[in-house]
Amino acid sequence: MGADVRVLAVEDDPETRMLLEALLPTLPGLTLCGLTGDGLSGLELTDRLQPDVVLLDVVLPGLDGLGFLRALGRRRHRPVVVV
């Protein structure tokens, strides 16, 4: 078997973050490697943690989801992004 898929969730709604934090670890083959509530810290965590997948909200404080995607396009590590 291969390694688990590492997932970073970028979601500003606290209830949705709690749901993701509870649900994702129960799914076989997935590991929640990070969770944050804004796009800028999402980019920092993407650089630091190098997840395989980013679950991305579009409407975020500060740097929104589209800005996140533009900035991600200029980085070497580009995980799969699910919006």
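What radius of gyration would a compact globule with 83 residues have, and what does the protein have? The rule, 2.2 Å times the number of residues to the power 0.38, puts the globule near 12 Å, and the protein, taken over C-alpha atoms, has 12 Å, which agrees.

A quick word on the ground rules, everyone. This is a predicted model, where local features need pLDDT of at least 70 and side-chain atom pairs count only at pLDDT 80 or more, while totals for chains, interfaces and linings use all residues. Residues are numbered from 1 along each chain as its sequence is written, and side-chain values use heavy atoms, leaving out hydrogens and water.

On to the fold: along the sequence you read β-α-β-α-β-α-β, with helices (H or I, at least four residues) and strands (E, at least two) taken as DSSP runs numbered from the N terminus.

Now the inside. Buried here means under 20% relative accessible area, exposed over 50%, partly exposed in between, with a 1.4 Å probe and protein chains only.

Beyond four places in sequence, Leu72 has contacts (heavy atoms within 4.5 Å) that include Leu43, His77 and Val81.

Last stop, friends: Ser41 lies in helix H2 and counts as buried, at 17% relative accessibility.
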